[in-house]
Amino acid sequence: MSANYERKIVIVGKTGNGKSSLGNVLLRRRAFDEARSFNAITKECKVERDEGNISIVDTPGLFDSDGEKSLVMQALEVQTAITQLCPNPHAFLIVLNGSTRLTQEELSTIDVLRIIFGEQCLTRAIIVLTHIENNEDKTQLRARLDKSSGMINLIKQCGNRFARIDNREPKPEHIERINRLVDKVSRAGNVSFKNTFLYVHQQVLREALKTHDSGKVHEQIKRLSEQIMQAVEEERELNKKRWKAAGVGAVCVAAGIAYFGGGPTAIATTVTNPEAVRVVIEKSVNVAVGLISSTH
Ligand SMILES: Nc1nc2c(ncn2[C@@H]2O[C@H](COP(=O)(O)OP(=O)(O)O)[C@@H](O)[C@H]2O)c(=O)[nH]1
Ligand SMILES: [Mg+2]
């Protein structure tokens, strides 16, 4: 492995597509349970590291239709786990089975990622096609993929970044390509995924959990996407107003402090610290009210 930064990688996709196997291939050890038996199916997110510089989060399959967990619950679990286990990951590997037709649900994978993490995560997303036998050459594979408009569309939404792997007999050049793509999306570890509105996504998902939505998955996805987009937009507007108010307050307060002898340090501290702004605004208002009432 060439990079000298910690690669933080999240693996997502449908159960059975080879997420845990891919995690093991990248870590070069059996860190995650692969589905040899029903019990081995990954039930919760798990992070594993190698002795060097790679951290991998394996996730339970999105869209597991075992009836136990709704889509919303799965989305919330993945979001919470990533925030706690591996905040600000460098890359998301979306694992698809390259030997079978994509299901309707898999075609929605990216929409679900948008719901969980927001649009920004797509700039860090890489499609990894598993179950592709090593004897299928590049041209054959390309020709096969070109026939699937759904697949092409998913790859396009991930900035045309895709890699292939046979997890049972992984070729070093295929592993190397995945690592190179991780380096590319993270600019060699210099940028990682951040979304300051993640808490808004969480609020909408928590609210949706209460309604026990059991409608068709693609309808749920559409509804949640719209709700999240609207909630984020409202929060953004609210933030702008808060900062504007804090800015005006800060200027008044700074003037007040300068006048009453607080000096330049006090002004600088106040202007850059919203909590200080709030406290001093409150004090200034009290003083102003006091002054006004004493003149009457
Ligand atoms: N032939 C082949 N089998 C694979 C590949 N990746 C995973 N498998 C097998 O597919 C099954 C499911 O793999 P697993 O990693 O547990 O899938 P997960 O549910 O996405 O974590 C296991 O029996 C794996 O051995 C692959 O690239 N090629
Ligand atoms: Mg698994």
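These legends go with a handful of close-up views of the structure above. It's a predicted model, so local features need pLDDT of at least 70 and side-chain atom pairs count only at pLDDT 80 or more, while totals for chains, interfaces and linings use all residues. Residues are numbered from 1 along each chain as its sequence is written, and chains are lettered from A and ligands numbered from 1 in the order in which they are written.

**View 1. The six-stranded sheet.** Here six strands make an open, mixed sheet, ordered β2-β3-β1-β4-β5-β6. Strands (E, at least two residues) and helices (H or I, at least four) are DSSP runs numbered from the N terminus, and two strands pair if DSSP finds at least two bridges between them. The edges belong to β2 (46-49) and β6 (162-164); each has a single partner strand, so one side of each has no neighbour in the sheet. From one strand to the next, the twist averages 25 degrees.

**View 2. Where β4 meets β5.** Strand β5 (residues 125-130) pairs with β4 in the parallel sense, over six bridges. Across that pairing, L93 stands opposite I126 in β5. Leaving out residues up to four places away in sequence, I126 touches A91, L93, I94, C158, R161, F162, A163, L181 and V185; contact here is C-beta atoms, placed from the backbone, within 7 Å.

**View 3. The largest nonpolar core.** This core has 54 residues, and I11, F92, L93, I94, I126, I127 and V128 touch the most other members. Strand β4 (residues 91-97) is the top contributor, giving six residues. Members are buried Ala, Val, Leu, Ile, Met, Phe, Trp, Tyr and Cys residues joined through C-beta atoms within 7 Å. Buried takes 20 or more other C-beta atoms within 10 Å of a residue's own, exposed 12 or fewer, and partly exposed falls in between, with C-beta atoms placed from the backbone.

**View 4. Around ligand 1.** Of 19 residues around the ligand, G18, S20, S21, A35 and N167 come nearest; the cut-off is a C-beta atom, placed from the backbone, within 6 Å. Helix α1 (residues 19-27) supplies the largest share of this shell, three residues.

View 5. Most residues other than glycine have a negative phi. R187, not a glycine, has a positive phi of about 40 degrees, and A188, not a glycine either, has one of about 55 degrees. R187 lies in the loop between α7 (172-185) and α8 (198-210), and A188 lies in the loop between α7 and α8 too. R187 counts as exposed because it has 10 C-beta neighbours inside 10 Å, while A188, with 14, is partly exposed.

Notes
Two residues are in contact if their C-beta atoms, placed from the backbone, lie within 7 Å. Axes are lines fitted to C-alpha atoms, for helices over the stretch in contact, and angles run from 0 to 180 degrees between N-to-C directions.
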